[in-house]
Amino acid sequence: MEVAESKSKKAGGRLCSTCNQRKAALKRPKTLEQICRECFYEVFEEEIHQVIVGNQLFKAGERIAIGASGGKDSTVLAFVLSELNRRHNYGLDLFLLSIDEGISGYRDDSLQTVKRNEIQYGLPLKIVSYKDLYGWTMDEIVKVIGLKNNCTFCGVFRRQALDRGASLLKVDKIATGHNADDIAETVLLNILRGDIARLSRCTLITTGEDGPIPRCKPFKYTYEKEIMFTYAYFKRLDYFSTECIYSPNAYRGFAREFIKDLERLRPRAILDIIKSGENFRISTSTKMPEQGTCERCGYISSQKWCKACVLLEGLNRGLPKMGIVRSRGQNNERTKDMKQNKGTKNIESKQCGTLDF
């Protein structure tokens, strides 16, 4: 009887290691457990719920902006947060917040996905654009600077644009779809760059609590494979999967490939890197940048001008590399310009996307 039953199980495939009733449909990358779809949905959502509750990411009555790009991570985040908000009565007002960088053939298409998500999930959508905030689109920037440093401009502008959009929505927090793979990559990047300031905070699940609007990462311990190739695929969620046309040579891509190689050899490597980042201790003798505000636009900055203002100044003056390669002469020249243009500060701040709406 036992032999016959064993042969029957083998012929029908492995049973789910969780319920031991249904046929296993996948192997979890993080735990290597053989599990059925129904149990995977349950444990996937429950793990995220426990991360939210255990880290007290939200409070009842808060307004939360979900950074929505139309990609797999943000689409799954919007779907799961909507479900958990209803199921567990978080009491949150959720919004979709998208940034239009102005990349033809990429962002314009992905924003169509976000607009469909707005209807599918019943969440209000706000879109803010680089063109409106800075007077430039990424297409225009790339024509001036080429492909080498474009991600620097986009990353700086995007981080600030999210805060601008969140301020317009009057939200309490921004929830982003950064997953475990993203955070492990960031730990490695900050080590390679020797960026001690960012290394000390890149594994925090909530950041920017001393800034304009805090950001949190409910997917901090969630593997990218489980988000995209499993949950989004099995749930048949509507997401945009094309990579940015300007990012193939991005420095982060090299760290990403290294992480993927490590994961193939040892699946827990991703969580181990995050744990290592969490346990880094910065020497008390290490000089850390002091946070202040940009004299031009009022945004948080450790320098007189925030990085966005420096980059934008270079673009507007026909010196696009000014914010990439710094020199004492350039800093003095910026200070001189600030004094000369003091009377037009408000107009220039609007070009940089001032917080004073």
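Mentor: Welcome! In this predicted model, the axes of helix H7 (residues 150-169) and helix H13 (residues 307-316) come within 9 Å and cross at roughly 130°.

Trainee: Is H7 oblique or roughly antiparallel to H13?

Mentor: Start from the crossing angle, which is roughly 130°. Roughly antiparallel needs an angle over 145 degrees, and roughly perpendicular covers 65 to 115.

Trainee: How many charged residues are in the contact of H2 with H10?

Mentor: Helix H2 (residues 37-54) and helix H10 (residues 224-235) have axes that come within 11 Å and cross at roughly 125°. H2 brings Arg37, Phe40, Tyr41, Phe44 and Glu45, while H10 brings Glu226, Ile227, Thr230, Tyr231, Phe234 and Lys235. Six of these residues are nonpolar and one is polar, and the number of charged ones is four.

Trainee: Is the crossing of H2 and H10 left-handed or right-handed?

Mentor: H2 lies oblique to H10. For H7 and H13, the crossing is left-handed. The crossing of H2 and H10 is also left-handed.

Trainee: What share of the residues in the protein chain is buried?

Mentor: The chain has 15 helices and 10 strands. Of its 357 residues, the buried share is 47%.

How values were computed: Residues are numbered from 1 along each chain as its sequence is written. This is a predicted model: local features need pLDDT of at least 70, side-chain atom pairs count only at pLDDT 80 or more; totals for chains, interfaces and linings use all residues. Side-chain values use heavy atoms; hydrogens and water are left out. Axes are lines fitted to C-alpha atoms, for helices over the stretch in contact, and angles run from 0 to 180 degrees between N-to-C directions. Helices (H or I, at least four residues) and strands (E, at least two) are DSSP runs, numbered from the N terminus. A crossing is left-handed if the near helix is turned anticlockwise from the far one by less than a right angle, and right-handed if clockwise. Buried means under 20% relative accessible area, exposed over 50%, partly exposed in between (1.4 Å probe, protein chains only). Angles under 35 degrees count as roughly parallel, over 145 as roughly antiparallel, 65 to 115 as roughly perpendicular and the rest as oblique. Contact means heavy atoms within 4.5 Å. Ala, Val, Leu, Ile, Met, Phe, Trp, Tyr, Cys and Pro count as nonpolar, Asp, Glu, Lys and Arg as charged, and the others, Gly among them, as polar.
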